[in-house]
Amino acid sequence: MCDTEIRAAIAEKHPFLGPAMLRLPIEKGENNMTDGRVARLKDGGNAAYIHMLCHCLLGHVWMRDVDHDAADIQAALLGVSLAPEQFAFSKDNRFLAVRERLSDAYDLHEIARRMSVDDYLFGMRETCKMLFALDDHRLWRQAAETERLNVLTGSGVAAGWKRQLQGMEGIGTAPGGKVFHYGHLPDTPRRDYAAILRRYAEVREEAGEDPDSFQPGLYHYGLSLYGNTPIVEPFETREARRLNSIAIVIDTSGSCSRSLTAHFLAETRAVVMEKGLFFRRFRLRIIQCDAKVRRDDLIDSEAAFRRYIDGLAVLGGGGTDFRPAFDHITRLTESGDLPHLRGAVFFTDGKGIYPNRPPRYDTTFVFMGREADTIDTPPWIRRVLWQEANA
């Protein structure tokens, strides 16, 4: 495949990589290697190209005295986070074990340290080389020397790649470890959020008198004939169309600002407190998720929701992967913890990884952010765009 075909094939599945790939054109070479300006490919493999792209994004090419084994591992972790299907080792148990042990190692120096002090990782060093060393690093030293002055001034090729990585923050499958506490949620303008949820309402009988179906004429006629014994009494139940079971997923990834997350929560508060929207007995799951499910709360009354808000802590700050939330909701429905689910609503900026197949329940994504209308989503997702002036 030629340069254009390789990058087009990757961009088709991962459009957020497009701007980064424009920085790294491809040339035919004697080996897979890069100097940060061009990628030289021997075998034309997508995995090798994305691997070198990750080295550039992480700044490895311009580091002095870099631990090359640790750099390959970090590039592999980022690569699988961004485009897992491109890497044959992404489901390999050895890779999964290494990723688990390095799940809280957020920089190259810490990865290198763990590789020295962790007995399992130390024993896996040669295996890691075999799995993750997809390129030759021989051009790095010269690239680092060329960029030495530029690095000090914050200019040049290396600085451009650093800005590129910052622009991609929050996309991928690496979970975060941040905890935010919200003492006060903003007052939000009333939107048609309740109408979005009502599409998932169901009709059923609910305890309580139904004055619309009661016929007072027959009631008083019975009293006149039989004294205190009426012919007909008010019905003890009535049919109502309300919400019974629903899941709301709040995107807590690094790409969502704290103010945006606060708006998500405020919208949820407004709708839960709305009278007549839920049955007296209902099951609402509020799920926080970045690249994995961070928190799942069962809300079955207004009082339970007030307790949830009073002790609210938001967990996340990592990449954005919607698949764990979908999988979690599916498990809840299959176990009976979320019975009769008709739909799920996601609050997000939309910049993340989507499942390849639709779930059995309906899905609405509420996008809040200035760039939400430019995001590509699977055709089975219902989109609602809310432009947030202060998002």
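Predicted model: local features only at pLDDT ≥ 70, side-chain atom pairs only at ≥ 80, totals over all residues.

Reader: Is Gly318 buried or exposed?

Author: Buried means under 20% relative accessible area, exposed over 50%, and partly exposed in between (1.4 Å probe, protein chains only). Gly318 has a relative accessible area of 9%, so it is buried.

Reader: Where is Gly318 found?

Author: Helices (H or I, at least four residues) and strands (E, at least two) are DSSP runs, numbered from the N terminus. Gly318 is in the loop between strand S9 (313–316) and helix H16 (323–335).

Reader: How many aromatic pairs are there?

Author: Rings of Phe, Tyr and Trp (its six-membered ring) pair if their centres lie within 6.5 Å; planes under 30 degrees apart count as stacked, over 60 as edge-to-face and the rest as tilted. By this rule there are 14 aromatic pairs. One of them joins Phe322 and Tyr354: the ring centres are 4.7 Å apart and the planes at 45 degrees, so the pair is tilted.

Reader: Which parts does the pair of Phe322 and Tyr354 tie together?

Author: Phe322 lies in the loop between S9 and H16, and Tyr354 in the loop between strand S10 (343–348) and strand S11 (362–368), so the parts tied together are 32 residues apart in sequence. Phe322 is buried at 4% relative accessible area.

Methods. Residues numbered from 1 in each chain as written. Heavy atoms only, no water.
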